Structures are given as C-alpha cells and as structure tokens.
Amino acid sequence: MKTNVGQIELPPLSAEEMGRYSRHIMLPELGKSGQQKLKQARMLLVGAGGLGSPLCLYLAAAGVGTLGVIDPDTVEDSNLQRQILFGISDIGASKSERAVLRMRDLNPHLDITPYRETLSAENALSIIRDYDLVIDGTDNFPTRYLVNDACVMLGKPNIYGSIFRFEGQATLFNYEDGPCYRCLYPQPPPPGLVPSCAEGGVLGVLPALIGSIQATEAIKVVTGIGSTLKGRLLLYDALQMQFDEVSIRRDSHCCVCGDHPTQTQLVNYQQFCGIPASMEPLPFGEITPQELQQRMEGDKPPLLLDVREPFEVEICRIPGALHLPMQQVSAHLEEWDRKQEVVVHCKSGARSAKVCALLLEQGFHRPLNLKGGILAWIDSVDPSLHRY
C-alpha cells in the first residue's frame with residue numbers, strides 16, 4: 001500500500017517560528033517547506049519511557065505541530081536511569097501528563113495531547129486514526145503486534161524501535177508497500193523466552209540513540225527527504241559500537257499486509273502472545289503480602305523462594321527468603337520436600353509465576369506465587385525497603 005501523510009496546503013510559519021527553526025530552514029534539503037510540513041504533521045508516540053523520552057523531546061523541539069503521547073504508567077525511581085523526560089519531582093506522577101508538560105515547556109507552539117490509558121484493541125483504531133504516523137516506543141510484544149495491525153488497517157506508517165541490554169533495533173514498517181512487523185516476526189516468541197528490560201537490564205544511554213533514530217525517520221517520512229529504513233532492520237551493538245543491517249521483504253502471504261489478508265480486525269493480543277488474561281484461573285495459587293506475612297510469623301512458615309537476580313537482592317530482600325535465581329531453580333528441585341508449602345516471589349510476580357508453574361509440573365503440591373512480588377510487599381508490608 002502507498003502511505004501518504006497528506007498533501008494539503010502547508011501552514012504558514014510566524015516570525016517567531018522562523019527564528020526558532022532557523023537551523024532547520026537553512027538546510028537546503030529541508031528548508032521552509034520542510035518545516036511547514038513538520039508543523040502540519042500529526043504523530044502519535046506510543047510509550048513515554050526509554051525510547052519515548054528522546055522521541056518526545058526531539059520531535060517537540062523539531063516543531064511537529066500535533067503530537068499525542070499514550071502511556072498509562074507512572075514515573076518510578078528506577079526509570080530515571082534512562083528516561084530523561086523525568087526527574088525526582090515526577091516520581092508517582094503520570095508519565096504521559098508529565099511528558100506533555102515538559103514538551104510544552106520546550107515548545108509552546110505545538111498541540112500536544114496526553115493519553116493516560118493503555119492502548120488496546122478497543123481504542124487503538126479510534127486513537128491512531130487521527131494521526132499521520134505512529135512511533136512505537138513500547139517494550140512488550142502484545143502492544144507491538146497491536147500497533148502494527150492497527151497501522152496496517154489504517155494505512156499509517158509505523159516507526160519501530162526496541163532495546164535490550166546493550167542492543168537496539170529500528171526500522172520503518174508499513175510505508176510505501178514496505179513490510180510490516182508481522183513480515184519480520186509472523187509469530188511472537190513463547191512467553192518468557194525473551195526477558196524484559198526489568199529482568200535483563202538495559203544500558204541507560206541506549207534508548208537515546210535508538211529513539212533518536214526513530215525521530216529521524218519520522219522527520220524524513222513527513223518531509224520526504226533522504227532514504228528511510230523501509231525494508232531495512234538497523235541493528236546496533238553498543239558494546240562493540242557496531243551497526244549492522246538486515247533486509248526485510250514484504251511477505252505477500254502476511255496475514256495482515258499480504259495480498260490476501262486473513263486478519264482484518266484487531267484481536268486479543270495478550271492471548272495471541274500466550275499471556276493468560278488476568279481473569280483466567282492460574283494453575284497454581286497466589287498469596288497476598290499480608291497473608292505471607294502472617295504465615296512467615298506462624299509456627300510452620302513456608303519455604304520462601306526469591307528467584308530474582310543477585311543485584312536485585314542487594315537492593316532489597318524479604319527477611320527469611322532463600323535466594324536462587326530463576327534459571328538455577330530446576331537444578332535444586334531435589335533438595336526440597338515436594339509436600340511442603342513453597343511461596344515464590346520476584347520483583348512483580350511474572351518470573352515467580354513461571355517458577356510456580358515449573359514446581360507444579362515437578363510434583364510440588366503447594367506452590368504459591370506472591371501476588372505483585374516484592375514491590376507489593378514493600379507497598380503493603382515493609383515500606384522501609386527500597387523500590388527499584
């Protein structure tokens with residue numbers, strides 16, 4: 001499909017705007033008309049975190065006339081290592097709302113809208129429809145597939161970026177008959193195979209580079225200058241300071257953007273990615289922090305298994321817990337009585353849920369997952385511990 005960001009009459013620039021954007025306007029490739037196209041453009045930023053921070057700042061500074069920022073989360077202390085939009089005074093506040101305040105302070109000439117909600121199959125089409133292009137700064141597979149499918153169905157370019165540890169990726173999907181995300185990744189990986197940044201870490205400066213590449217692509221798409229990353233997946237390794245590139249072709253059999261698409265509606269993307277819905281019964285039990293506290297103080301306390309990484313334990317730990325990183329649990333199963341009560345915890349409950357499932361498969365009778373992980377324990381039992 002040919003994607004067009006609009007060919008209507010360009011808006012004028014005021015004398016103040018001419019001065020503000022003078023370094024753009026003096027570029028022959030961009031010029032006054034390019035800056036007018038940026039003023040006319042409407043971009044939606046999905047995520048105001050690591051990638052969203054440079055995206056918000058640079059696109060606002062560049063003079064993109066209409067920007068939307070969607071992010072349901074609040075700022076946490078652990079975000080500040082890489083999410084340069086925020087400071088200590090923002091902790092606990094809405095990311096999307098604080099991002100918009102910062103962007104308006106940087107450039108008051110723009111129309112910026114915060115969306116303090118989760119992008120979902122129910123609202124994606126109605127939100128994305130009002131924008132020329134979407135920039136994906138998310139960190140999970142369900143939202144990436146959702147953004148991709150919605151963009152294909154609405155004919156919007158999708159500027160993709162991802163980061164993990166020391167590596168990043170960026171490309172441009174669904175642009176001028178180019179491939180979409182599903183052409184590159186037709187199916188999501190099995191749940192738990194790819195750890196999140198919260199589990200594996202990320203170099204703080206990495207999103208600055210990948211987010212800036214995404215912002216550059218957005219400017220080029222709107223203004224029509226240069227060559228884009230359409231059909232090219234850019235790979236960056238910060239440890240080796242090395243860029244590589246992989247060619248991507250549109251799959252004519254793609255279920256969304258192919259010649260004969262079989263998926264024409266948005267679906268349940270949590271289910272598509274193999275993530276159980278919150279209302280689905282778990283194969284193992286859950287325990288609240290308050291309930292765990294009572295049992296730990298009882299006559300027969302359970303075996304409390306902390307499956308986080310060593311550096312996490314150095315930040316905070318629940319007294320009496322046995323620490324064993326998730327990857328090492330399977331090697332120690334024979335050391336424990338399968339009839340005893342075992343409570344497993346991690347940071348927020350995801351990794352510990354995987355360990356509970358493993359214990360259940362291995363014949364343990366009473367594995368319980370600490371609901372909300374150690375973060376919930378801090379919130380409701382011991383606020384003296386440090387969050388991260």
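Helices (H or I, at least four residues) and strands (E, at least two) are taken here as DSSP runs, numbered from the N terminus. On that basis, Phe272 sits in helix 11, residues 269-272. The model is a predicted one, so local features need pLDDT of at least 70, side-chain atom pairs count only at pLDDT 80 or more, and totals for chains, interfaces and linings use all residues. Residues are numbered from 1 along each chain as its sequence is written, and side-chain values use heavy atoms, with hydrogens and water left out.

First, the overall picture. The chain carries 15 helices and 13 strands. Its radius of gyration (over C-alpha atoms) is 23 Å, close to the 21 Å from the globule rule for 388 residues, so the chain is as compact as a globular protein of that length. The rule itself is 2.2 Å times the number of residues to the power 0.38. Along the principal axes, the C-alpha atoms fill a box of roughly 75 × 50 × 40 Å. Of the 388 residues, 48% are buried, where buried means under 20% relative accessible area, exposed over 50%, and partly exposed in between (1.4 Å probe, protein chains only). Counting a contact as heavy atoms within 4.5 Å, 68% of the contacts with a separation of 6 or more link residues 24 or more positions apart.

Back to Phe272. This residue is partly exposed, at a relative accessible area of 24%. Setting aside neighbours within four places in sequence, Phe272 touches Tyr145, Arg182, Pro186, Gln187 and Pro188. Pro142 lies 130 residues away from Phe272 in sequence, yet the C-alpha to C-alpha distance is 7.5 Å.

Helices 3 and 4 come next. In helix 3 (residues 31-40), the buried set is Gly31, Gly34, Gln35, Gln36, Leu38 and Gln40. The cover over these residues includes helix 2 (22-25), strand 1 (42-46), helix 4 (52-62) and helix 10 (206-223). Helix 4 is itself mostly covered, with nine of its 11 residues buried; among them are Pro54, Leu55, Cys56, Leu57 and Leu59. Just past the end of helix 4, Gly63 adopts a positive phi of about 90 degrees.

On to the strands, which count as paired if DSSP finds at least two bridges between them. Strand 6 (residues 167-173) has six of its seven residues buried, so the rest of the structure largely encloses it. Strand 6 pairs with strand 5 (residues 158-164) in the antiparallel sense over seven bridges, and Asn158 has Phe173 of strand 6 as its bridge partner. These two strands make a hairpin with two residues between them, and Arg165 in the turn shows a positive phi of about 55 degrees. Strand 6 also pairs with strand 7 (residues 232-237), again antiparallel, over four bridges; there, Ala170 stands opposite Leu234.

A parallel arrangement turns up elsewhere: five strands build an open sheet in the order 9-13-12-10-11. Strand 9 (285-287) and strand 11 (322-323) are at the edges with a single partner strand each, so one side of each has no neighbour in the sheet. Within the sheet, strand 10 (residues 303-306) runs parallel to strand 12 (residues 341-345) and is joined to it by four bridges. Leu303 has Val342 in strand 12 as its bridge partner.
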